[in-house]
Amino acid sequence: MLADPELIAAAILVPKFKTCWTSDENILKLGLDYIRSHLDCQAENYISEGSQSSEEEDFFSSLKKTGPLEIAQQLDAYLGYPGDTVEVLKSFPAVCHL
């Protein structure tokens, strides 16, 4: 069970647990790598969606969507955020959508 990266990622994505539930760095790395790979997929989808829109949509979509760089940074920001309620996830939409 502790070797399943999806389960490890699920535990990390629970605000009460994050990374405090284990001190094994290898387990945490496995889960964080799994999360990062899925965040990378979100960033790629963001780029491909953006290339199909009109100029007007492009202008306004930049105000609504999170950019690829921000998506990658959201995991680190989430892990460093002191809150431990589910409401915390609303501040990190890319992490929340996993």
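**View 1. The whole chain and the confidence of its elements.** Over the protein chain the mean pLDDT is 80, and 71% of the residues reach 70 or more. The protein chain has five helices and zero strands, and from the N terminus on its elements follow the order α-α-α-α-α; helices (H or I, at least four residues) and strands (E, at least two) are DSSP runs, numbered from the N terminus. Residues are numbered from 1 along each chain as its sequence is written, and side-chain values use heavy atoms, with hydrogens and water left out. Because this is a predicted model, local features need pLDDT of at least 70 and side-chain atom pairs count only at pLDDT 80 or more, whereas totals for chains, interfaces and linings use all residues.

View 2. The protein chain exposes about 6600 Å², of which carbon and sulfur atoms supply 58%; accessible areas come from the Shrake-Rupley method with a 1.4 Å probe, and for residues only the protein chains shown count as cover. Of the 98 residues of the protein chain, 28% count as buried, a class that means under 20% relative accessible area, while exposed means over 50% and partly exposed lies in between (1.4 Å probe, protein chains only). Among the contacts in the protein chain with a separation of 6 or more, 51% come from residues 24 or more positions apart, a contact being heavy atoms within 4.5 Å.

View 3. Tyr78 and Phe92 form an edge-to-face pair, with 6.1 Å from centre to centre and 75° between the planes. Tyr78 lies in helix 4 (residues 68–80) and Phe92 in the loop between helix 4 and helix 5 (93–96), so this pair ties together parts that are 14 residues apart in sequence. Tyr78 is buried, at 0% relative accessibility, and Phe92 is likewise buried, at 7%. Tyr81 and Phe92 also form an edge-to-face pair, here with 5.7 Å from centre to centre and 75° between the planes. Both Tyr81 and Phe92 are placed in the loop between helix 4 and helix 5, 11 residues apart, and Tyr81 counts as partly exposed at 37% relative accessibility. Tyr78, Tyr81 and Phe92 form one aromatic cluster.

View 4. Lys18 is found in the loop between helix 1 (5–12) and helix 2 (25–50), and although it is not a glycine, Lys18 has a positive phi of about 45°. Lys18 counts as buried at 8% relative accessibility. The charged end of Lys18 sits over the ring of Tyr78, 5.0 Å from the ring centre; a charge sits over a ring if NZ of Lys or CZ of Arg is within 6 Å of the ring centre and within 35 degrees of the ring normal.

View 5. Leu89 is found in the loop between helix 4 and helix 5 and is buried, at 12% relative accessibility. Leaving aside neighbours within four places in sequence, Leu89 is in contact with Leu13, Pro15, Tyr78, Val95 and Cys96. The C-alpha atoms of Leu89 and Val14 are separated by 9.0 Å, although these residues are 75 residues apart along the chain. Pro93 has its place in helix 5 and is partly exposed, with a relative accessible area of 31%. Pro93 and Gln74, 19 residues apart in sequence, are 8.1 Å apart in space from C-alpha to C-alpha.

**View 6. Leu30 in helix 2.** Leu30 has its place in helix 2 and counts as partly exposed at 35% relative accessibility. Leaving aside neighbours within four places in sequence, Leu30 is in contact with Ala3, Pro5 and Ile8. Leu30 and Asp4 are 26 residues apart in sequence and 8.4 Å apart in space, C-alpha to C-alpha.

Notes: pLDDT = per-residue confidence, 0-100. Phe/Tyr/Trp six-rings, centres within 6.5 Å; stacked < 30°, edge-to-face > 60°.
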